[in-house]
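Please open the model in your viewer and follow the stops below, selecting residues as they are named.

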Amino acid sequence: SLGDMVFISSATASSSASIEFTLGDYKEYKFFFVNMHPQNNGANFQFNCSIDNGANYNVTKTTTLFRAYQNEAGTNTSLAYDTGADLAQSTAYQQIMNGVGNDNDQAGSGYLTLFNPSSTTYVKHFLSTCNATESADYTIQTFYAGYFNDTNDLTNISFKFASGNIDAGTILMYGLN
């Protein structure tokens with residue numbers, strides 16, 4: 001069974017291109033995103049991992065997404081699977097928040113769980129749940145899941161917006177054994 005959640009590290013962005021963490025031997029990692037605010041309007045918040053100590057963030061992954069959204073007026077809602085956000089054996093960064101707005105009242109928060117990244121036997125699974133205020137004044141709840149199709153240990157993880165810097169926000173990193 002897993003033990004207590006152990007705080008490992010945190011990073012607060014201030015016009016940062018990316019936030020990166022070094023992974024270790026914990027069986028499970030949880031990353032909490034608090035008020036991630038993009039420099040550019042409508043930017044996707046995303047992540048990728050490295051197997052070479054952060055020299056490259058390009059691990060092959062297969063992923064899926066469903067999401068729920070509602071506009072600020074309450075007149076447009078949806079709960080749907082989004083095939084356009086899936087990755088199929090791709091080395092691209094995986095988005096986990098869609099179209100986050102950069103108005104002062106817009107940001108995104110949520111979490112990512114990464115399972116057994118130091119395993120050299122199995123692929124590594126992850127799941128993420130986030131909520132963000134989108135640039136067109138929608139609130140979007142996203143549910144991403146997938147796996148890194150690699151049996152090398154994952155050594156590092158990187159978070160960034162698809163365009164522009166991370167204007168503000170904090171990421172907390174916890175481990176469980």
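**A tour by selection**

Begin with Asp105, which is exposed at a relative accessible area of 58% (buried means under 20%, exposed over 50%, partly exposed in between, with a 1.4 Å probe and protein chains only). The model is predicted, so that local features need pLDDT of at least 70 and side-chain atom pairs count only at pLDDT 80 or more, while totals for chains, interfaces and linings use all residues. Residues are numbered from 1 along each chain as its sequence is written, and side-chain values use heavy atoms, leaving out hydrogens and water.

Asp105 sits in the loop between strand 7 (94-100) and strand 8 (108-115), strands being DSSP runs of E with at least two residues, numbered from the N terminus.

Next, select Asn58, in the loop that runs between strand 4 (43-50) and strand 5 (61-71), where its relative accessible area of 39% makes Asn58 partly exposed. Beyond its neighbours within four places in sequence, Asn58 is in contact with Asn48, Cys49 and Thr91 (contact means heavy atoms within 4.5 Å).

Which phi value does Ser15 have? Phi of Ser15 is near 55°, a positive value in a residue other than glycine; Ser15 belongs to strand 1 (residues 6-16) and is partly exposed at 43% relative accessibility.

Finish at Gln89, in the loop between strand 6 (77-81) and strand 7, whose phi is near 50°, also positive in a residue other than glycine. Gln89 is partly exposed, with a relative accessible area of 43%.

Key. Helices (H or I, at least four residues) and strands (E, at least two) are DSSP runs, numbered from the N terminus.
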